[in-house]
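Visitor: I would like to take a close look at a single part of this model, and I would be glad of one connected account of it.

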Amino acid sequence: MITISNLTKFFGKLTAVDRLTMQIESGELFGFLGPNGAGKTTTINMLTGLIRPTAGTATICGYDIKTQGLQAKALTGLMPDTPYIYDTLTGRQYVRFMADLYEIPSQRSERRMAELLEMLDLVDAGDELIKSYSYGMQKKILLTAVLVHEPRVLFLDEPTSGLDPKSARTVKEILRLLCDRGCTVFMSTHILEIAERVCDRIGIINEGKLVTVGTMDELRQDNTAVDRNLEEIFLELTGDVEDREMVKILSE
């Protein structure tokens, strides 16, 4: 569903993403991890057509993101970390607006919206202006709008940040359900516990380079530690082990 080959992005002299190459399969929940500034959001922005790659190629459902961008976007959904929403609309108005952009028949979109509002506990808030929503509610209505056209590939940047535990669990259950139905989910998150529990495979990027990719069992084998958790593997691969040791020394 997603094929990436030598994808690269320069910002001046900075190499934000350096020759990224990997493939994500249909129905896979893929976790994309890395420290701040590692290149996660830049990668998502390139794959969703928000910025153009400097070099390399990528396809979404077989469509080239450079030359067939509209076809690729029609099959994808994007939930960014910061919800940019028309806050003078009600929740339902915003979801309907997004459904219209994707030319979804009203009967189908209304049914789908009702299901999502119910799952995300937004039924009562659906007719309220979005500017009255909390940050967590804004993220949930954004997810509703992203899912209303039933995308085949879903890109999520920190989908559970700002959500209460119940809502975060609901989002994880929805993502798992979507993948079971054949949707591909590409998710960036700093919450390593979530990635370890729900993702089929995990890729870790550091300073723009992909340093490892695989299932949890494969990551443990690659790092010769069958009992290690994702946090320990992540810290070792991204160099944060040294920072943690320095903090420990300074606190003694």
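Leaving aside its neighbours within four places in sequence, which residues is Arg 112 in contact with?

Guide: In this predicted model, Arg 112 is in contact with Leu 147, Val 148, Glu 150, Leu 178 and Arg 181, once the neighbours within four places in sequence are set aside. Arg 112 is found in helix 4, and because buried means under 20% relative accessible area, Arg 112, with a value of 8%, counts as buried.

The helix that carries Arg 112 also has a helical partner: helix 3, residues 91–101, packs with helix 4, residues 106–119, at an angle of about 135°, and their axes are 11 Å apart. The two helices are therefore oblique to each other, and helix 3 passes helix 4 in a right-handed crossing. On the helix 3 side the meeting residues are Arg 92, Val 95, Arg 96 and Ala 99, while helix 4 brings Ser 109, Glu 110, Met 113 and Leu 117. Sorted by class, this contact has four nonpolar, one polar and three charged residues.

Met 187, not counting residues up to four places away in sequence, touches several residues, among them Leu 29, Phe 30, Leu 156, Leu 175 and Ile 194.

How values were computed. Residues numbered from 1 in each chain as written. Predicted model: local features only at pLDDT ≥ 70, side-chain atom pairs only at ≥ 80, totals over all residues. Heavy atoms only, no water. Contact = heavy atoms within 4.5 Å. Axes fitted to C-alpha atoms, helices over the stretch in contact; angles between N-to-C directions. Helix = DSSP H or I, 4+ residues; strand = E, 2+ residues; numbered from the N terminus. Parallel < 35°, antiparallel > 145°, perpendicular 65-115°, else oblique. Left-handed = near helix turned anticlockwise from the far one by under 90°. Nonpolar A, V, L, I, M, F, W, Y, C, P; charged D, E, K, R; others polar. Buried < 20%, exposed > 50% of the residue type's maximum accessible area, 1.4 Å probe, protein only.
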